[in-house]
Amino acid sequence: MKLLRVFEGYLAREIYAAVAVVLLAFLLLFAFFDLVHELQDLGKGGYQLAHAVGYVLLTLPGRLYELLPIGVLIGTLYALTGLARHSEITVLRASGLATRGFLVALIKIGLPFVMLTLLLGEVVAPPAERAAQEMRLRSTSSVVAQDFRSGAWIKDDHSFINVELVLPDGGLRGVKIYAFAADWALQSISLAEKGEYLPSGEWRLSNVLTTRLDSAQASVERQADWIWRSALTPEILSVLLVVPERMSLPQLVRYIGHLEDNHQRTQRYEIAVWKKLVYPLASLVMMALALPFAYLQHRMGGVSVKLFLGIMLGITFHMLNGLLSSLGIINDWPPLMSALAPAMLFLLLTAGMLWSVDRR
């Protein structure tokens, strides 16, 4: 038992050091490419080099969240392959340490990676990503979303809202509100120059022109300011700033509730919720996947070959994670299945590889 604890401590140090080096290399590489991409916008509005560097730094927590399972796979693979190269794993197996014991040790070592993934995905990355987008948009004098030529469209109960511009601070420009009755007869059209969210939970619209329609006639009313009560909040509109995969669970749940209240599709956001719950466990799957490579003898492939295979598997996992989510949205698959599928496929691959090497 004491020998096992010594081995686990030694293995943990090797894996943590290797994973840290791999993740640092990945972050530096992606930061460089992101910075090069941002350089093309220098001079746009007030966007300067300092803004570009700040934007890249603020997006790094999100990058780390995405890259963590791949870094864990490559780092664990490198550490285990190093032990195998010096016949340390062979000695441990000959001493009675079975595959199950290796897996239990890897799970214990991998739990901090699970906690780190949760911390990044829920606490660090979402506000950092939003701050990055707001800073970039403010510096470039850009708008948050303009998916159509007419701006962003939002459904709120029996009203359809068209917003020409959503500003980084949550303010609105060019607001059009089409209010319908219960039988979907158009009741009024309100045009406002701008909107500001108040601490009381209401919107103050400025320079409002309202056209009211009834069966007999139409009337026009002008108001300098109009207090507008709506279920829309800057938090709901913030989804226009951050993609679902970079949002926190509370943000996703609130927005799903808003979409359900307005009878709109929630598939993409439900998949994102399940992915947020499942994704932290991917690090454990990646560590288990590295174990069969350590069992292979040195003559069956050098460290570089095994690392190359590990990188390819990590990239495949990352691509499958996005591909199956998109296919789930297109084909209306159950959100849980779309989120679980990549991890389950790699878990089956791990089980098959371990069974194969144990038979040797």
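This report looks at a strand hairpin and some salt bridges in a predicted model.

## About the model

Residues are numbered from 1 along each chain as its sequence is written, and side-chain values use heavy atoms, with hydrogens and water left out. Local features need pLDDT of at least 70 and side-chain atom pairs count only at pLDDT 80 or more, while totals for chains, interfaces and linings use all residues.

The partner of β1 is β2, residues 159–166: the two run antiparallel and are joined by 5 bridges (strands pair if DSSP finds at least two). Across this pairing, K155 stands opposite F160. The hairpin leaves 2 residues between its strands, and D157 in the turn has a positive phi of about 55°.

## Salt bridges

How many salt bridges does a search of the whole structure find? There are 11 (a side-chain nitrogen of Lys or Arg within 4 Å of a carboxyl oxygen of Asp or Glu).

One of them joins R63 and D34, with the closest N and O atoms 3.0 Å apart. D34 is buried at 15% relative accessibility. Both residues also belong to a salt-bridge network with E66, E129 and R246.

Another salt bridge joins E122 and K276, at 3.5 Å. E122 lies in helix α4 and K276 in helix α7, so the pair ties together parts 154 residues apart in sequence. K276 is buried, at 4%.

Methods: Helix = DSSP H or I, 4+ residues; strand = E, 2+ residues; numbered from the N terminus. Buried < 20%, exposed > 50% of the residue type's maximum accessible area, 1.4 Å probe, protein only.
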